Each structure stands twice: as structure tokens, then as C-alpha cells.
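Here is a short briefing on a predicted model. Look at the sequence and the structure, then read the points below.

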Amino acid sequence: MGVKRYLFDSNAVTSLILFILFLNCSFAVGPSARADEQIANFAKNVRPLLEAKCVSCHGPEKQEGGLRLDSATTAAKGGTLGPAVVPGDAEHSLLVKAITFLDPDLQMPPKQKLSDREITILTEWVNSGAAWSDAATGHDHRVDDGSPIDDAFSDERNPVRRVFGSERLDLWSLRKPVAVPLPPEFSNLHPIDSFVLERLRNAGLEFSTEADRRTLIRRLTLDLTGLPPTSDEMAAFVHDKSPDAYETLVDRLLSSPHYGERQARLWLDVVRYADTNGYERDEFRPLAWQYRDYVIRAFNQDKPFDQFIREQLAGDELVEGTPETTAEADMLIATGFLRLGQWDSTASIFQEEDRLRAEMMSDLTNTTASAFLGMTMSCCQCHDHKYDPLLQADHYRFRAFFAGVTPRDDLAISLANEQAEIDRHNAGVDQQITSVKSELESLDSNQSESTQRIEELTTRVAELEATKLAPGMAMAATDSGPTAPAIHVLYQGDFSSPREEVSPGFVSLFTPGPADIDPPRDNTTGRRLALANWIASADNPWTARVLVNRIWQQHFGIGLVATPNDFGYSGERPTHPELLDWLAVEFIERGWSIKELHRLIVTSATYRQSSFEDSSGTDLSARRPLYGMQNVRRLDAETLRDSLLAVSGLLQPHDAGKPVWPPMEDELLQAQPAVLEAIEGKDGGRMQGWYPDSIEATDVRSVFLVRKRCLPIPFLQAFDLPETTVSCARRDTTVVAPQALMLLNSPDSVRYAQALADRVQGEQTIDLDDAVGSGRLVETLFDTALNRSPTGDELQLSIEFLQRHRVQHQDAGAEAGRLALVDLCRAMLNLNEFAYID
Amino acid sequence: MIHQQRRTFLTQTGAGFASVALSALLADSLKAETAKQQTMDPLQPLAERLPHFAPKAKRVIFLFQYGGPSTFDLLDYKPDLIRLHGQPVPASLRANPDKVGGVFNHCKDELMAGPWRWSRHGQSGQWVSELLPHTALHIDELCQVRSMYSESSNHAPATYLMNTGAILSGKPSLGSWVTYGLGSLNQNLPGFVLLYKVGGLGGSANWSNSFLPAAFQGTQFRHEGSPVLNLQPPQEFAGVQRSTLDFAQTLNRKHAAARPGVLDLDGRIASYELAYRMQSEALDIGELSLETRETQDAYGLHDDNKDKALFGRMCLLSRRLVEKGVRFVQLYNAVDKLGWDGHDNNTDYNTRNAAQTDQPIAALLTDLKQRGLLDTTLVIWAGEFGRTPMMQGNGGRNHNPYGFTIWLAGGGVRAGAVIGATDEIGLRAAEEIQPVKNLHATILTALGLNPDDLFSEHNGRQERLTGVAKSWETIPGVFG
């Protein structure tokens, strides 16, 4: 009897099952021989199936027929009919009997039979010994024989080993990065180049030529500051004959305030920053911008990344009392990180606070793990991780670090001396108020001659109150006190089904026991600082790698690990693991300095290669992934808009403060129920609306524009603005027709083209009959918009274009030449060359 | 769809990426199955793709009922509620086993029947309230599911759930998933079109493509004026649009030719041509004057009730859109921020919304049928939840996620069927209880898509409209 035939015949299930049932059991491997593998099979395939299909009726909630299938003991014990599972013997296991539907009186699940594949999984599992590992809970790391349990690599009692076996422990990112010696034959090269060239040579390839200076300064300026170079900057660099002209340029750009603005924008993606709450009301968060400005400052000051981590996760635990320095004030502002998730302010109306709190805990856990560790904690919220060595309990152990987090809008961030000044001033005001009030009390309101005086004095009190100073506040967070509410493992991630309580703990695979946490202070558990210190440690295998990979991605369009928020099994493996590790170690040794990291990368020959020269003849699909060529990259939404503003001369200086609200189509506002409520003045002061600034005030860098969760700015949204609900590791760069419509036809785009025409025209009168003058206009336009001169062909095409369009606009009389120039500007701003970095 | 997604991603950077990496090692049978699927061409994201199996429906019109309609005042006849009008909630139904909270606290302990007369209609003899005289004529076409429940009592989470499969915002919407899976039938129009005056509570997250490529984002078609925002250039550029584009494309082609292998550059050149073609095609669709006066009147376009005329325009536009090959059209009925959300004076809300929507929806069903489109067009009528049989405030009804009715029509569903039931007062789904994910699974199945095989890898997770694999079932009885 051929087995193969049955595998392809879905109608022969019964026979297939019988075949499996009566196969000699020696086919099944004994439990001792491959225990790890079988435990892994159970965790990956069997338990999810039992939980999805059986446990709702045979579990903690209900025990139909007296049966529970949520632990080995209860499954073996069985229900009223007898043992459900006889290890190694599917034929006598009621579970298998039930799922195969062979017995008309015992068919489970009753509503819908399992698929053939599922039946096979369970049958084979029983036959191979029904290996079972209890769901990983907070108790799994308990020391049961007196000796502490070590990491999963060295101790087979580690719960990760017990659940998954050792199969998942060869994940590349679990080992601490070690800097391998640089390839000796390239010792004269930049270290990055030695790693890259070694791989290239092995593939029979070499580096491409270095990009020309115009390309280099454009690429570097856009990469580091998110703005294109000006004509003057271009000219200065192109004509700089000094040997270190490039290094000087790098220095200049790293010290530019625009550097921090650009870097902050990318970090804000990672931490899902927005200025509003989301959900039904989507209220404005009036102080969120302080976190944005903090991030800009942190990058511009080159705050060491380990400190940056501690401040965001636990800034409040680093500061005692009123901040004494701006650095301390920044630590409080940094805790805005803990507040950035969505917030449904209407949840309380329907007693959904528990759901909201659970969502907040889950969001903080998932975002922190993605942002700093490249670990997908969201995947082990309902069950053990499907691919990585993370237990369901690990998700909740991680949550427990955040258990005490309490939103705070009343934390003063004014410094101690400012606070004293404010107090002194207010005390003076209070004194005056007291004296006014005493006069008030002396007056008799029944006497008509007093009425006027009473009015005056009452007004005076109000006036005085208004002169009181208020300290600066931040959108911050602290713990609710020295203790925190209990965190439980949630059955299938459901907040209404709590199971075992867990203590704060790092991933079990490294440290299965509870985390060491310093004794709590009056107002805080100290848990987040313990977490921050563990993350911001040179010993953490993920933190430095994840960050250097993000910075690498910024300069090449793709990371050494192509999935920057997933360093697990389902993510990509590093293309250049030694280079990644070398960079990570170097980054830590250089004091976690992000500016030094940028400098290291952009001064490499790898970075400075051309993106397209030498592209003929060689196999690009081999060349590009080995970094034998730079990548052509599209500007992201903000960089595109900022570039449009910059080249058209509209960009307004602006470097901090409350978000700027651009004008918004009325139709889009009318379509938002929450905004309508605000327009009608019925939002109870919750700021659900849209509060546009004047159009001139709006032409600022995009990082300063308001990010309203339920109403993204259409121009930016068209160019792949990410959702602000979860961490975004990498912008999409899709190419769709609505982008073309936006850049051709939107009122903003037309305005940019007109401004560019103004700028190019300058003081000149446009006379298209003057060949020299027309040529000069075109030269200026190319220089301004593309940072280069037109080729001879382009010059001629452009001049012909201008003359043709002047005819088209002849009805406009004297304005025709100018309208033709606007048309040309409009074409230029729509060029691929404008929207892409070479 | 993991393979196609990676491919997109690679071409986007211009970096070919040979490493198959771990995916092969980890390939479980699910991933192996998806290898059979057609890959998505990043330059033609809307190109038509084959479904996983033979579909019953080719396109969808989703008539979203904003605010939560009171479905037992419309279709789910509850004589006991009428009998118990003014009485407290029966003790047997008072105990609150519901996970989702809050509903009882805001209501009086007093049942309230609507004032409308009910009568039987169609061959199936089903009860329909006098609020829906036109829909009643189509009752034999509808497949009603009277036992839906939602997972939040609150508008935004429940609206997200109905539109994206999750109560948290940030997931791709149903329309995005469908066009991601199937592409569209007309390359000159968006594949997923929205029609609304006031969109759903919770904003644009309800029609977001989220982590799916932007080609699958919902595009709003306006019911008046230029049908798509920025579709046409300002007047002064109208005559020079082609010539301006030609200049840019000449330079673009030279630029792309110097950079072989960077497919994005070719894609962007193509996107400008598509945008240009879209200008004329979309304009044509918006030309409702091309319809006969009879059709216009059937949809209520000239009705004195301006709200009905508006919704009629949306319904007529939706037929014109699917006729031209748009895969997924979604309408939001509300004209203000109130919709069906009748916390006070529910009678008034029901009267207004029924008057606005009943005739146009009936006209749409008639029109689709006459044109032979109904068999292959799945029409969905659903709000985010229902309302309480208990009175709230002054004659109002509170949100009720515990049990409500939706209906499907066309697209291979069993005409005239009634599936599931609420309890005797319409408070909770009581028979064949259906979560929203089952509705989504049913819709995908009608389109020939296996809900488990329609996924996208995001932040290390296989994301699906219907969540964890095999955690859903199609609503039994919808397909006969």
C-alpha cells in the first residue's frame, strides 16, 4: 500500500489516520532520545492547536465531560470517559479517537472537524510520547532544588530549555557582539571598507568609483540633516582643494542644528510619536512637543545613547525632587516616551479602563522591546513565541517593569532656582491679594455706596491672580508609588483572564529569575531603571547592534539586518555579521556616541561610492547587496517636503516649540466627527479640533508640524507617512499615482513652484527672446533645484519648453514668460532626480 | 504573502537581496502554501491577482452604518420587547456575563419598544419595520445575520474592529486587505474607494492601508466637485499639463536609463502616466448627469430630503465605480457627527437615518440586479454595533455590542436567509453567535480568499485581517 498516494488524496483521511495509528510504534522516536525536539514540536505545533480548538471547552473556564486539556496531568487523567492521552499510543487515546470522527458518538471539536494536517499533528504527537511542557508562567524560573538556574545555554533546567529545547538557542543575535580582528590584508583601509571589500573580492567584485563631489555633498547633507545643500554650500565644497575637505564637511553637518532635527524625526518614528491621543476624540496633547524637542536636543548634544535610553525609560527615577539643572529637567521630559502610545479617553465612560490599562502595558512592552532590542515581544503575548526563544511569561515579566507607570501632567520641569523665583513672585502676589481681600471683607455689600468698590476690588483680585507665574510642565510619567499593581500572565493575552502573577524579569533565556531591583524610593518602584540599565548595557547582545543597524540603514537605505525591529528568527539575518558586530563594539567603546558612529560610516569608501556609475556590465543583483555600489533612495515624506520648501526659498527658520498646524481642507475637517464636535464648540475644551496657523508660519521643517493621529497631513500621508500606533523601523517607499497628483496639482505644490520661479527670477525681467538671459534662468533653476548645471540637451529642451509655454499662456500678455517659468519649475519639482538621492 | 512582500521591499531599495535566510529553515507548511500564490509586481500593485479558490463575489460595496443602528427597530422583530415595553429587564437577562462593560450602567432599567408597525414581506414572509419600506421589497435578496457581537461598547474601537479587525487602530482595513489580495480590475482607478461626508469615528485609521503598501489605501471619491482631491491641476495649468509632464518624463527616462536596475524609477514614471489617465477616467465616473432621469430619481438624487439625495449620489457613484472595475467601495452614511447614535430620542434618529438610506440602498440593489452585477457584487450593510432595548436618557438607546443585525446581499450569499438570533428582547446574540472576525472571514471567503493565507509580515509577525490562523469560521449558512 503506497503512502504517497494518500498524502495527496484528501478523501482518504480515514485511511491515512488508520495508517498512522497502526504503524509500528518503533517509527516514533523515544522521548528520551529527542526530547528537546519533541518539546519544541509541542510548543510550536501542539499547544497552539489544543488552545485554539480544545481548551475553550476543556480548560480553566469549562470542563466539558470533566476533561481539561491545559496541562499534562489533567490530560493524562482525562475526564469521565477515561484518560484522553495515552503517551505513545494514539490508538488507545480518546483524544485521537475523538478528533478522527471515527466513532459517531465521540466527535471533537463538535462544530467543525480539524483539518487533516491538524489531526496528523496531534496523532503523531501522541504516538511520539505526548511530550508536554507546562505553559511558561511566572513560576517556571523557581529554583526547585536549591541551586540557582542559569541561562538557557548552560542550564537545561532553564524554562526556555524546558519549553523549546535547545533548538532556538542558535539565534545569531543572542550572542554578545565580539569584534573580530579586521581582515589583515586590508589593514590600511577604513575598517568598514575592509569588511566590505573582503566580501566583494570573494565574489570577484571591487568597489565602484567614488561619487563626484556634487553627489557626495547632496547625499551627505540629505542623510545627516534632511535638507539639500544650498548653492553656496555646494560651491564651497566643490572648490575646496584641501585634502580633508570631506571630513570638514562631515564635521560641519554633524554640528548643524538641522542634524538633530533630522535624526529626531527618525527616532520619533521608532517611538510612534504623535501630538494627539487617537481614538474617538483624538485630543491634542499640549505638551507632547517637549519630548520632540528633547529628542532634537539629545541628538544635537550627542547624548550618549545609553544615557538616552535610561532617560526615556526611567528619567524620573534618575532625578530626586525638583530638577536642579536643565539636564535633569530633560530627564523628566524624556519620560514622555512612556506617554506616547494611544489613549482612549472615552474608555472610562463604558468601564473599559481595565482594557485600556492592559493595552497601555502591552504597548509599552512591545514598543520598548522593538525600539531598543529588536525583539518582537508582541508575538508572545497570547502564547509562547512562535519562532524565538521567548516565553509567554517573558512578555508579562517585561510588562511588570512598567506596572507602576502613571501619567503625570503636573510635574514641574522648571529648575529649582526658577521655581524659587516663581514661588517668591507668587508669594508677593498673594500678599497683595490678601490685603485687597481684607478690604473687601470690611465692606458691606448691602450698602449701595460700597457696590462699586466691591466690583473694583473683585476685579483686582482676578487681575492679581492672573499675574501669578506657573512653572513649566511636561507630559511625563512616574510610578504611582513604591509598590505597583500585580501583573499576571493573561490567558491568550486577554486582560479579563488573568493567570499566574509574575515579577519583573528580563528575558528568561538569560536570567530566569526575577530582576535585581534597587530598593524602591518613596515615589517609585525603581523597576524601570533596572530595565533601562539592563538594556543600556554593553553586555546586552541586542541594544548596540540594533542602534548601529538603524544608523546604517539611514545611510544605505537598508540595514545590515534588513528588519531593524526584528532580530529574531523571522527577521532577516545580517548580511555582514562581522561588520555589524565590529560596529556595535566600536560604538560602545566610543562612549555610545551616535555622531561618532555617523562619522565612522560616512567617511568609509563604502558610503562614498557612486550609486550608478559602473553599473553596466556587472551583475547588479550581486553587487548591491554586497555594498559594491551605493543605493538610489527616495526621499521620505518629510525630507521631500523640507526639500521643496528649501529650494523654493519658503523654509522659515524654526527650531523648537509648540507644533505648527498647517491649513487643512475644510472638507477633511468636516469629515471628522470629533473635529466637528470641536468646531461646534462642543468638545468641552478637550482640543479635538484643528487649529491652523497662518500659511507663512506653516512653512517650517516637517518635524515641527502637528501629528494628529486621526487626521494626518495629506501631503505627508501620500508619501508613506507611517502609522503612529506601533514602532516604525523603516519607511515604506511605495510609488502610487496619488503621489503624482499631490506633487503636480495640490495647492501646496503649485505654491512651491511659484516660489521657486520667484527665487530663480530674482530681480531679472523675464525676456525669453533673450537667449543668454533664458539660458541663465535655466542654469539658476537647475542649480537651485538639483544642485547641478543642465547638460547641453537639457538646456536646449528647457529653453524650448519656456518658449512653447509662453505661447500657450499668451492670453496672459506680459505675464506669459513668467507663467512659462512657473511651468518649468513645476516640472523640475516633479523630477525623479529631485525625489531620489543618488 | 511573505515572499512578495520581501520582493517589494528589495526592489524599493534597489538592493537585490539574495539571502533567503532563515525563512526556508523555518518554513512551516503555512509558508510553503503561500509560495503558490501569485506574486505582486511592485510596479503594478493593483494588477489583478488570482484568488486562492473560485470566488463567488468579485467586488464589494460596504454600506457602513455610522453610529450603531438600532437593528431591532429595523429588521430584528421582537414582539416580546413590544409586550414588555416599560417593564424592567427580565431577571434572566439582567445578570451580566458580558466581558465588554458599561452598557447597563447608562440605561434605565426599563425596556423601550419602538413605535413602528411591523409587517411581513416577500416570499420568505419576514418581518420588516415600517422604517424600511424600500428595503422590505428586497427582503428576499438579503442574507441577515442577527447574532453579531462586538468587542467594545465604544465607537472608535468598535468601528476599528468592524473596519480593520482590531479594536486598536493601526491595522489595515478590510478594503486594503481585499485589494492587497486581489488587486483591482481597472488600473486607471484606485482599487479601494471611499465615499463619505462624515467618516467613521476614529478617523482615517478606519481606511488605512497601515503596513500594507500605499497602493491599497482607501481613496476618497468626493460626492460633488472634482471626484478625487488634487485630481486636476488648478485652472491656469490645465492646458499645459501634458506638455509639462512630457518634459519631466523625458528627463526622468534619461535619469532612469543611467541607473539600470532601480525599478522604482520606472515605477514612478509609470505612476505619473497613471495619474494622468486617472484624471479623465475618474471625471467620467463622477458625471452622474449621464444617468437617466429615471435612475437619478430611483436613487433619490432630486429628493427634497437633502440627506437622502446625498446618500443617493454616493450609492449611485458606488455602482458606477464597481461597474468600472473598482474592487472595493465603502460608503459611510452619516451627514453629521450623529449618525444612528441615538442616545436621546432614538425615534428621531431612526426616522432620519432610515429616511436617508432606505430608498437609495434599495435602488442600488435594484440597479445592480438589472445590470447583472448583483450576483458577483457582495453588498454589506453593517454598523459598529447595535443599541440597547433599555431606555437611555429621554427615549434614547445606548450602544449595544452584545447583539446586533447585519445583512449581506448578492455575491453568492443565500438570499432570504436569516442566520442566528438575539434573545427575546434583542439584547444579546443568543443563537449562532458571531464575532466580527467571522464576518470578515465570510467576506474574504466569498471573494475566493482564504483568510489564513492572506497575510503580510510586519514587525516579525504574520498579520492577518482575521488574526491568528484558524481562529475564525465563516458564518454558517451564508453560502447555503
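Chain A is assigned domain 1 (3-127), domain 2 (184-255 + 540-626), domain 3 (303-411 + 477-535), domain 4 (416-471), domain 5 (633-732) and domain 6 (743-837). The bounds come from an automatic or database domain assignment. Residues are numbered from 1 along each chain as its sequence is written, and chains are lettered from A in the order in which they are written. In this predicted model, local features need pLDDT of at least 70 and side-chain atom pairs count only at pLDDT 80 or more, while totals for chains, interfaces and linings use all residues.

**Domains 3 and 5 of chain A**
- The C-alpha centres of these two domains are 30 Å apart.
- Five residues of domain 3 of chain A are in contact with four residues of domain 5 of chain A; contact means C-beta atoms, placed from the backbone, within 7 Å.
- The domain 3 side of chain A that touches domain 5 has one nonpolar, four polar and no charged residues.
- Nonpolar means Ala, Val, Leu, Ile, Met, Phe, Trp, Tyr, Cys and Pro; charged means Asp, Glu, Lys and Arg; the others, Gly among them, are polar.

**Chain B by itself**
- Of the 480 residues in chain B, 60% are buried, with 20 or more other C-beta atoms, placed from the backbone, within 10 Å of their own.
- Its C-alpha atoms fill a box of roughly 80 × 60 × 40 Å along the principal axes.

**Where chain B meets chain A**
- The contact takes 79 residues from chain B and 86 residues from chain A.
- The chain B side divides into 32 nonpolar, 36 polar and 11 charged residues.

Notes: Buried ≥ 20, exposed ≤ 12 C-beta atoms within 10 Å, placed from the backbone. Contact = placed C-beta atoms within 7 Å.
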